[in-house]
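Subject: Structure handover

Hi,

Here is the structure I promised to pass on.

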Amino acid sequence: SLRDDPASILHLYRDVIHLRRVTDDLVTGSFELIDLEPTDHVLAYRRGDHWWVVLNFGEAAVTLPVELEIAASATPELVGARGRTIPPHTAVIARLI
């Protein structure tokens, strides 16, 4: 069931809702799109001063210009990971380190 599967959309929604409740920047922080040329398969934006949302729709990993710590992801094993690389077909909410 969805409740038993840590990779389910239910768990992701719960994680994101919790993160928004405890992180003002994700609710009221400034919004800035981030241009990651030439990767046209990535949507990335910054919220506030410290938070990034990155969606990699591509077949290859993408390397970011900054180091992040992942706070929420549909891929549970990524939560808590630090680095500059977002795997293919992955969405994350992450804090700048």
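How many salt bridges does a search of the whole structure find? There are three, where a salt bridge is a side-chain nitrogen of Lys or Arg within 4 Å of a carboxyl oxygen of Asp or Glu.

Some housekeeping before the details. This is a predicted model, so local features need pLDDT of at least 70 and side-chain atom pairs count only at pLDDT 80 or more, while totals for chains, interfaces and linings use all residues. Residues are numbered from 1 along each chain as its sequence is written, and side-chain values use heavy atoms, with hydrogens and water left out.

**Salt bridges**

Let me start with Arg-46, which pairs with Glu-32, their closest N and O atoms being 2.9 Å apart. Arg-46 sits in strand E2 and Glu-32 in strand E1 (residues 31–33), so this bridge ties together parts that are 14 residues apart in sequence. Helices (H or I, at least four residues) and strands (E, at least two) are DSSP runs, numbered from the N terminus. Arg-46 is partly exposed at 24% relative accessible area, and Glu-32 is partly exposed at 37%. For those labels, buried means under 20% relative accessible area, exposed over 50%, and partly exposed in between (1.4 Å probe, protein chains only).

Not counting residues up to four places away in sequence, Arg-46 touches Ser-30, Phe-31, Glu-32, Ile-34, Trp-51 and Trp-52, a contact being heavy atoms within 4.5 Å.

The other bridges involve Glu-69. Arg-82 meets Glu-69 at 3.4 Å, N to O. Arg-82 lies in strand E5 (residues 82–86) and Glu-69 in strand E4, so the link spans 13 residues in sequence. Arg-82 is exposed, at 55% relative accessible area. Arg-95 also bridges to Glu-69, with the closest N and O atoms 2.5 Å apart. Since Arg-95 belongs to strand E6 and Glu-69 to strand E4, that pair ties together parts 26 residues apart in sequence. Arg-95 is partly exposed, with a relative accessible area of 32%.

**Cores and a surface patch**

Which residues have the most contacts inside the largest nonpolar core? Val-54 and Leu-64 do, in a core of 14 residues. A nonpolar core is a set of buried Ala, Val, Leu, Ile, Met, Phe, Trp, Tyr and Cys residues joined through side-chain atoms within 4.5 Å. E2, E3, strand E4 (62–73) and strand E6 (90–96) each give two or more residues to it, and E4 gives the most, with four. Leaving aside neighbours within four places in sequence, Leu-64 is in contact with Leu-36, Trp-52, Val-54, Arg-84 and Ile-86. A second, separate core has six residues, including Leu-19, Val-53, Ala-72 and Ile-93.

On the outside, Phe-31, Leu-33, Leu-43 and Phe-57 make a nonpolar patch with about 440 Å² of accessible area together. Patches use residues with over 30% relative accessible area and no salt bridge; like charges are joined within 9 Å, nonpolar side chains (Val, Leu, Ile, Met, Phe, Trp, Tyr) within 5 Å. Areas are Shrake-Rupley with a 1.4 Å probe, and for residues only the protein chains shown count as cover. Leu-43, in strand E2 (residues 42–47), is partly exposed at 37%.

Asn-56 is in strand E3 (residues 51–56) and, at 1% relative accessibility, counts as buried. Its side chain reaches the backbone oxygen of Pro-87 at 3.1 Å. Among the residues Asn-56 contacts beyond four places in sequence are His-41, Val-62, Ile-86 and His-89.

His-89 lies in the loop between E5 and E6. This residue has a positive phi of about 55 degrees although it is not a glycine, and at 53% relative accessibility His-89 is exposed.

Cheers

Notes
A polar contact is a pair of N or O atoms within 3.5 Å; within protein, one must be able to donate a hydrogen and the other to accept it, and residues adjacent in sequence count only if both atoms are side-chain atoms.
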